[in-house]
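The following note comments on a structural model, point by point. Please read it with the coordinates open.

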Amino acid sequence: MTPNITTSPAQLVTMATRLTVLGLLLSVVCGFWIWRQRVPPCHTPVAYKIGQLDPRFYLDDRAVYKALRQAERLWETAAGRNLFVQTSTAPLTVNFVFDERQNATQAQQRLLPQLQQAEATHASLAQSYLTWRRTYEEQHLHYTTAQEAHRARLQAYNAEVDQWNAQGGAPLSAQQTLAAERSSLEADQSQLRALTQEIREIRHTLQMLEEQDKTLITTYTRKVRSYNWLSRSQRQFHKGEFNGTDITIYQFRGPEDLLLVLAHELGHALGLKHVADEEAVMHEFLSEQDLDPLTLTAADLQALTAACGPR
Ligand SMILES: [Zn+2]
């Protein structure tokens, strides 16, 4: 037997009311969702907060917020409206993750003063070498001249001695003159020997300077090679990333470069895509941009208009 189920008219009215309310609610939710989809992203400021900040970046929250505010202003000035807001409950986090990229950058930064120091030492060695070389040449010329004069005097002395010997001996006055000339020649000879020793020492100093510079150049070349290798390897990797929900910063050289990386990733957070202009903030690689001061190029402004609409 089928149970006899009956519904009273009052119950039917209640059910219809409930269905209408539910339908209305669904329409409101769907309408809101559709409306949210139609509103360009730049009309609601993008909320963000700092997430993970690795201490090896040597940055604190204050420095990061300062850099973020600077990066924000770049886009906001161009758009003529507020595009970002910092809140502690923001879903978008800005993270600083330390890996081989920043490690390589820091290694390169450590190399730079060493290279500059080596260049300064090389310049000073070269200057010192030049001074010693000039002294060497002067002393060498002095020695050659003195040696020639000595040789001529010695020849004259010997000729005179030979002449007196052929005549069977010299008178006393000539003997005295010859003896004086002999001792003068001996003193001259000893001066020449001292000069030879001095020249030898200068030559030794020059050799030492050459060796020092050779060692310095070898080390310098090795370091330059490392520096260039680090530069090349860095050109290939991305300094930051926006994955649709979070921004992660991996590498930057200094405050100006950090501003560029943050501006680039904030651009992505606004919905901007990469542009072809190599000097643009929104170019895929961050290496050719002018950082002093960082400015948006025409390609960046075009991308901003495409994502956010006209000013
Ligand atoms: Zn990018």
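How many aromatic pairs does the structure hold?

1. Basis of the note. This is a predicted model, in which local features need pLDDT of at least 70 and side-chain atom pairs count only at pLDDT 80 or more, whereas totals for chains, interfaces and linings use all residues. Residues are numbered from 1 along each chain as its sequence is written, and side-chain values use heavy atoms, with hydrogens and water left out.

2. Aromatic pairs. The structure holds five aromatic pairs (rings of Phe, Tyr and Trp, the last by its six-membered ring, with centres within 6.5 Å; planes under 30 degrees apart are stacked, over 60 edge-to-face, the rest tilted). One of them joins Phe57 and Phe96 edge-to-face, at 5.6 Å centre to centre with 75° between the planes. This pair links distant parts of the chain, 39 residues apart: Phe57 is in the loop between strand E1 (46-53) and H2, and Phe96 is in strand E3 (residues 92-96). Helices (H or I, at least four residues) and strands (E, at least two) are DSSP runs, numbered from the N terminus.

3. Phe57 is buried at 4% relative accessible area, and Phe96 is buried at 0% (buried is under 20%, exposed over 50%, partly exposed in between, with a 1.4 Å probe and protein chains only). Phe57 also pairs with Phe252, here in a stacked arrangement with 5.6 Å centre to centre and 15° between the planes. Phe252 lies in the loop between strand E5 (247-249) and helix H5 (255-270), so its pairing with Phe57 ties together parts that are 195 residues apart in sequence. Phe252 is itself buried, at 7%. Ring pairs link Phe57, Phe96, Phe98 and Phe252 into a cluster.

4. Another contact across the sequence. Ala104, in helix H3 (residues 100-166), is buried with a relative accessible area of 12%.

5. Charged patches. Which residues gather in a patch of positive charge on the surface? They are Arg62, Lys66, Arg69 and Arg73. Patches are made of residues with over 30% relative accessible area and no salt bridge, like charges being joined within 9 Å and nonpolar side chains (Val, Leu, Ile, Met, Phe, Trp, Tyr) within 5 Å. A salt bridge places a side-chain nitrogen of Lys or Arg within 4 Å of a carboxyl oxygen of Asp or Glu. Arg73, in helix H2 (residues 61-79), is partly exposed at 47%. A negative patch is formed by Glu256, Glu278, Glu279, Glu288, Asp290 and Asp292. Of these, Glu288 is in the loop between H5 and helix H6 (298-308) and is partly exposed, also at 47%.

6. Backbone points to check. Most residues other than glycine have a negative phi, and most peptide bonds are trans. Tyr58, not a glycine, has a positive phi of about 55°; this residue is in the loop between E1 and H2 and is exposed at 69%. The peptide bond from Asp292 to Pro293 is cis, with omega near -5°, and Pro293 lies in the loop between H5 and H6.

Methods. Areas by Shrake-Rupley, 256 points an atom, 1.4 Å probe, with all protein chains shown as cover. Lys, Arg positive; Asp, Glu negative; His and termini not counted. Charge placed at Lys NZ, Arg CZ, Asp CG, Glu CD.
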